[in-house]
Amino acid sequence: MKLRFNYFSQGLLLVAGLLLSNWAFAQRTISGTVTDAASKEPLIGANVLVVGTSSGTITDIDGTYSISVPAGATELEFSYTGYNSQKVTIGTSNSVDVSLSAGRLLDEVVVVGYGTQKSKEVTSSVTSVKAEDFNRGNVNDPAQLIQGKVAGLSIARPGADPNGGFTVRLRGLSTLGANTQPLIIIDGLIGGSLNLVDPNDIETIDVLKDGSAAAIYGTRASSGVIIITTKKGRRGFSNVEYNGYMAAESIARQVQTASASEFVRLRGQNVNRGSETDWMDQVTQTGISQVHNLALSGGLGNGSTYRASVNFRDVNGIGIGSGFNQFNGRLNLSQKALNDRLTIDFNLGATEREADYAFVEAFRYATLYNPTAPVRFADNSTNPLANKYGGYYQEENFDYFNPLAILEQGSNVGSIKGLVLGGRADYKLAEGLTISSSYTIQRENRLFGQYYDSNAYFRGFNRQGLATRSTQDDLSRLFELHGTYQKQLGTANLNILGGYSFQENTFQGFNAENGNFISNDLGFNNLNFGLDLPNARANMGSYKSLQRVIAFFGRVNLNVDDTYFLSASVRQEGSTLFGEGNKWGLFPAVSAGVTLSNLIDIKGVDNMKLRAGYGETGSLPPSGGLSQLLFSRQGSFFFNGAFVPAIGPGRNANPDLRWETKGEFNVGLDLSMLDYKLTASIDYYQRRTRDLIFQVNVPVPPNLAARTWANLEDAALTNNGLEIALGYTLDKGKFRWNPNLVFATFNTVLDTVSAPDAKFKFFQSGGQLFDFSTSPGAPGLNNTPTMVVQAGQPLGQFWGPTFIGVKEGRFEFEDRNGDGMITDADFGVIGNGLPKFSLGLNNTFQVGNFDINVFIRGDFGHELANMYRVFYEPLGTGSRDIENIVQTKYFDETLRDAPRFSSHYIEKADYLVLDNATLGYSFNLPKGKAFSKLRVYLAGQNLFYITSYTGVDPSPRYADAGDPDNGGFQNLNGNPLFPGLDRRNTYFRARTVTIGANVTF
């Protein structure tokens, strides 16, 4: 990937450089050392501030500081993350040494909707993850930072596709047809794009898990809320930080298949093509990546703080040609004015990414292609196909493509350009009364292109070359105005929030396709060269959707004597996405807590808080216009010498379409013991989502079309689970150990609702739903549903016959009804694709100058349907001789039956993975050198898996994208109703080794 610089990057660096200037005037200088009260070790980077001024500094590698104190100053304040702050009166001495004691977790600040709270005041289920606790190593997506760190938050990406996104689920599935991913908020921007924030720029990630915490965000919060706060500058010092690393990825696991000699032995000499080719080696590589981050931050004496950063990522995956090149810049400014009554914040972020998506199908065909076939025909070959497909060896069979030719005869690229610009002003009108106003604009443009050569058997040859071009442009504008009032009433503290929000989103795009090109030279850059354009084989389309959300919201927080806590909120929200008369929804929430340890003296317990809450949140439809009648193209017909498109109703109108509502009850217990060394947090939740938004099939007539988006009247989703988070701190001077464990259980059921006169039903008959899209696919298994949704049963059920064994070379299945035949009546539930529980265990060690981090995580209780085994393990007549043989521990060469889906291919997929292991060393640097901090580290990711699953990756598949075959295109939006299908188009898993450095100047 090539590095690209533009005028924006140069300008950003210039601005950051100018901001490094700083000056101060002082009457005297005070110096000293800041240490840990228990270990007496120096605290590096502790803040030292002259109270009542903007003057400050931080301690160096030895914990020492020196600060200029203006005349009239009376106090110095010392603070450090995780420690109690301390104020010291300035006397006559110019030397002040301070020891800080470890702070109580109760005073940690947690970001909640439209504000912050101290941990001791939180009455909802909220988890905050700081930068020092993020996952380490080769991290290119913000979601990776907290994978396995938050109880109840599931983050999965099967395989190691560098351009693949992560599936995120919070407490299971809470909707069927709306957005299944949590709402993302970045620096206050609702619906922020993770593509536009670099992981290096993130300070904290806060997860609002239950309904009482998320209800303040209304119709978009049913799947949870994730709040991302980027790094800001701090007053009193200036520094330059560099973080960089190099990473090498190698293929960690592939499908176990027969060698060339074994293949010939099992298939016979008639399939021997005379070569010995390792097809997986042909399409994979060692992916070398490099990441660089440079940040300049600090504060000026006039109340200004700043942070400017630039990030460059050159990422290459294990699949040949896959990767991306990304440049990102971010600038955060803050200025205080009017005697610190006014605070103005400004943030700017820009991202440019050039991506090569390659073709994940290469892994599939490298697995199944004949291992005795050559990569290319010999130069003197007399085979009539030798020149037909550009010299690549190719046999003309259905769904059978040379894997290297797929990569080298096609291109699949894209670019993403994004800009985020925001400003916020906070003005203190009176004591305790502050009004805040913010405006943010986010624009993200995506441009994609694909081209398949005219001599490419994969997608290109039948069209004599095929080109597609598409663009997407997303624009979001958010304006919010809110005020807060805080009042001390004796031992009670009252905090009131009220506000208004207006957001407008515009989504538009265009796509075009053409074929039959007279030359391959221009690829997709000149669609006019394609001769298919005048007839029906050329396709094009466009769309535009304008969506508005308006809200009024309020919240009251009450803290009585740091013992009793109450929070109540409400959001009235309207959206243009719903039908006439149903555009507004009301989302209330209430939660309360009591610190029992203030009322009861419990030996060994430092703090014990019981909390409970209930809240309602909603979900928006997945796109605009779903309540309106849609006319769409439905083929074409030949008229008057030309093809004319046929237009007809494609979707019915539904003016009654309304928001779906999730009600959630949560009860939790927070516990600290042994002088706050041992911490625990336990939550139990129950949630129910009603009025589910879903596309249902309806009869024609009386309806104009066969599809309608509606609120289901006969079904509701219910979830419940238990979440536990444990932490411990062992501090023995130069040795420190912090283990942290998170554990969560999951249970999701689609219940029936009594609605005898319901118009829109999910269960049309028998309380069961089968979908042919879950079929294994071709060849031969296109009409074999593999999953079922049953009323009142957990989601994710596999369906089929129960395998008993192999008898006389054929499958033997359980005859459930005893009629002597195996029919659909003998089918039943044979597994489940959703995990029952998950865990993450993080261990951090500090041994002198060495730091060690070991992170283990796992998912348990789920099965996966191994589709590679379904098609390529049997040796029967339905199994094609030209395809390689999958040889797992279940392989039985006496099985000579045709491929058939059954419980034989449902495998337990429990796993435990050493997700990350890092060894770092921080150097003791002498004073006055160019570097104030230097740390080097070596990290490994996905180092090993403990699992019995024979497939490539045992990670859960939370949605099914179907199984395109014979060069078909995969559905980008997976169906969450059918998890657990391990399809054949999965990017393979990688193991990564990283070496890097953190430098502070």
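Colleague: What share of the contacts in the protein with a separation of 6 or more comes from residues 24 or more positions apart?

Modeller: Such residues account for 71% of those contacts, a contact being heavy atoms within 4.5 Å. Please note that this is a predicted model, in which local features need pLDDT of at least 70 and side-chain atom pairs count only at pLDDT 80 or more, while totals for chains, interfaces and linings use all residues. Residues are numbered from 1 along each chain as its sequence is written, and side-chain values use heavy atoms, with hydrogens and water left out.

Colleague: How many helices and strands does the protein have?

Modeller: There are 7 helices and 55 strands; these are DSSP runs numbered from the N terminus, helices being H or I of at least four residues and strands E of at least two.

Colleague: And why is it called as compact as a globular protein of that length?

Modeller: Because its radius of gyration is 31 Å, close to the 30 Å that the globule rule gives for 1001 residues. The radius is taken over C-alpha atoms, and the rule is 2.2 Å times the number of residues to the power 0.38. Along the principal axes, the C-alpha trace spans about 95 × 70 × 65 Å.

Colleague: What percentage of the residues is buried?

Modeller: Of the 1001 residues, 54% count as buried, meaning under 20% relative accessible area with a 1.4 Å probe and protein chains only; exposed is over 50%, and partly exposed lies in between.

Colleague: Where is Pro-926, then?

Modeller: Pro-926 sits in the loop between β51 (911-922) and β52 (933-941). Its relative accessibility is 48%, so it counts as partly exposed.

Colleague: Changing topic: what is the strand order in the open sheet of 5 strands?

Modeller: The order is β10-β15-β16-β13-β14, with mixed pairing. Two strands pair if DSSP finds at least two bridges between them. At the edges are β10 (126-130) and β14 (189-190), each pairing on one side only.

Colleague: Which way do β13 and β14 pair, parallel or antiparallel?

Modeller: Strand β13 (residues 183-186) and β14 are antiparallel, over 2 bridges. Ile-186 has Leu-189 in β14 as its bridge partner.

Colleague: How many bridges join β44 to β45?

Modeller: Strands β44 (residues 803-807) and β45 (residues 810-813) run antiparallel and are joined by 4 bridges. Phe-803 stands opposite Phe-813 in β45. This hairpin has 2 residues between the strands, and Glu-808 takes a positive phi near 55 degrees there.
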